[in-house]
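I opened the notebook to record what I looked up in this structure. The entries follow the order of my searches.

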Amino acid sequence: CTGVAEACDVTMLGARFDRFLATVLVAGPLLAVPVRREGAVIGVLVLVRERGGRPFGKFDQQKAAVIAAQAAGTLHRVELYHELADKLRESTLVHRFATQAVAARTVKDIAWELLESIRSYTNLDRGSVCLADANGRPSVTPVVHFHARLPDRNDAPVAQIVHMNEPMHHGQLLIGTVDIYRGDGVPFGPSDERFVQALTNQAAVAIRNLRLLEESGKVSTYRELDRMKTDLLNAVSHDLRGPLTNIKGYANTLVESRDELSAEEQVEFLHTIEEEADRLRDLIEHLLDLSQIDAGVLRVDLQPVHVRVDPQSDSQF
């Protein structure tokens, strides 16, 4: 309690020493040396001798002080080891999640991997992941969630249910939120918060990249559709030139050489002009149908049709 080494006899301590322990140890002389680290007392090294033994002297105190200093160093190294082990475990889990998130094909897969990674690190009874829209507006509807051992509110006080909410940000843009619960009343520690934050940062990047990939795929699809439209228009333009050229040619011939053509030849030219005009009309109607399909206003008139089946045919419907 005083922070300095102290040597005395157990019988002189009175209530400051456990009388039962002293009886079991048959303790007599006692030496208490503080265990210090960075000037602060973190424990006490207690040495006892049998009752009637030689009292602890100055040399004993010096040796005990050396042992206490070594114990403080050992305790510090043990704490550092556990701290490094925890950080290594965190880094391993975060790296594994990042690898799985990059390989995920859907946002739901990323959200599931996020919850499973959190559950593998800390005690967790309930969790959910909600996504924000493209403008960063949060949603209250979870994209994935699970309910496990969280006790019913009628069985456990509300105060025992511990909740953590961690947002997922990509820069200034809100990607979503993660909510986790436990029902044992033990609060989430700093290591839990640090680990969940590291995972949500990775999840936000993965979800953002997946959305950008989907948008780039849509852009590629739109470009391909535009290319196909251009090819179609080029082909239709080429097809339109044929009937127009024929109509123009036969009409010019009729106008310029009508006195040189017989009646049969004139009728034949007029039939050709009529056929090319019908062909031109069909092409124009097809173009109009395509434009209505593209605008989404094409109406399909469904009518029942009687299908005639040849009894001699082997085909079966």
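Entry 1, terms. Before reading any helix I needed a definition: helices are DSSP runs of at least four residues, numbered from the N terminus. The model is a predicted one.

I applied the term to a pair of residues. Arg119 and Glu116 both sit in helix H3, which covers residues 107-121. They are three residues apart, about one turn of the helix. An α-helix has 3.6 residues a turn, so residues three or four places apart point the same way. The two side chains form a salt bridge, with the closest N and O atoms 3.6 Å apart. I then looked up accessibility: Arg119 is partly exposed at 34%, and Glu116 is partly exposed at 39%.

I counted five helices and seven strands in the protein chain. Read from the N terminus, the order of elements is β-α-β-β-α-α-β-β-β-β-α-α. The chain has 317 residues, and 28% of them count as buried. I also looked at contacts with a separation of 6 or more; residues 24 or more positions apart account for 57% of these.

How many salt bridges does a search of the whole structure find? It finds 10. Side chains of opposite charge can pair when their charged atoms come close.

I looked up a pair in helix H5 (residues 263-295), where Arg281 and Asp278 lie three residues apart, about one turn of the helix. Arg281 and Asp278 form a salt bridge, and their closest N and O atoms are 3.9 Å apart. Arg281 has 45% relative accessibility and counts as partly exposed. Asp278, at 32%, also counts as partly exposed. Elsewhere, salt bridges that share partners join Arg49, Arg54 and Asp60 into one network.

Is Asp60 buried or exposed? Asp60 counts as buried because its relative accessibility is 11%, and buried means under 20%. Arg54 counts as exposed because its value is 55%, and exposed means over 50%.

I then checked the length of H2, which has 46 residues (58-103). At 1.5 Å a residue, H2 should span 68 Å. The end C-alpha atoms of H2 are 68 Å apart, which agrees.

Four strands form an open sheet in the order E5-E4-E7-E6, with antiparallel pairing. The edge strands are E5 (142-147) and E6 (162-170), each of which pairs on one side only. On average, neighbouring strands of this sheet are turned by 10 degrees against each other, direction ignored. Strands of a sheet pair through backbone hydrogen bonds, either parallel or antiparallel.

I looked at one pairing in detail. Six bridges join E4 (residues 126-131) to E7 (residues 173-182). Cys130 stands opposite Thr177 in E7.

Which strands does H3 lie across? H3 lies across E4, E5, E6 and E7, and runs at about 35 degrees to E5. Helix H4 (residues 190-256) packs on the sheet too, touching E4, E6 and E7. The direction of H4 makes about 40 degrees with that of E6.

The largest nonpolar core has 32 residues. Those touching the most other members are Ile110, Leu114, Ile118, Val129, Met168, Val178 and Ile180. H2, H3, E4, E5, E6, E7 and H4 each give two or more residues to this core. H4 gives the most, with eight residues. I found a second, separate core of nine residues, which includes Leu240, Ile247, Phe269 and Ile273.

I took Val129 as an example from the largest core. Leaving aside neighbours within four places in sequence, Val129 is in contact with residues including Leu114, Val144, Met168 and Val178.

Thr253 is found in helix H4 and counts as partly exposed at 28% relative accessibility. Not counting residues up to four places away in sequence, Thr253 touches Arg258, Leu261 and Phe269. I also checked Gln266, which is 13 residues from Thr253 along the chain; their C-alpha atoms are separated by 9.3 Å.

Note on methods
Residues are numbered from 1 along each chain as its sequence is written. This is a predicted model: local features need pLDDT of at least 70, side-chain atom pairs count only at pLDDT 80 or more; totals for chains, interfaces and linings use all residues. Side-chain values use heavy atoms; hydrogens and water are left out. A salt bridge is a side-chain nitrogen of Lys or Arg within 4 Å of a carboxyl oxygen of Asp or Glu. Buried means under 20% relative accessible area, exposed over 50%, partly exposed in between (1.4 Å probe, protein chains only). Two strands pair if DSSP finds at least two bridges between them. Axes are lines fitted to C-alpha atoms, for helices over the stretch in contact, and angles run from 0 to 180 degrees between N-to-C directions. Contact means heavy atoms within 4.5 Å. The expected span of a helix is 1.5 Å times one less than its number of residues. A nonpolar core is a set of buried Ala, Val, Leu, Ile, Met, Phe, Trp, Tyr and Cys residues joined through side-chain atoms within 4.5 Å.
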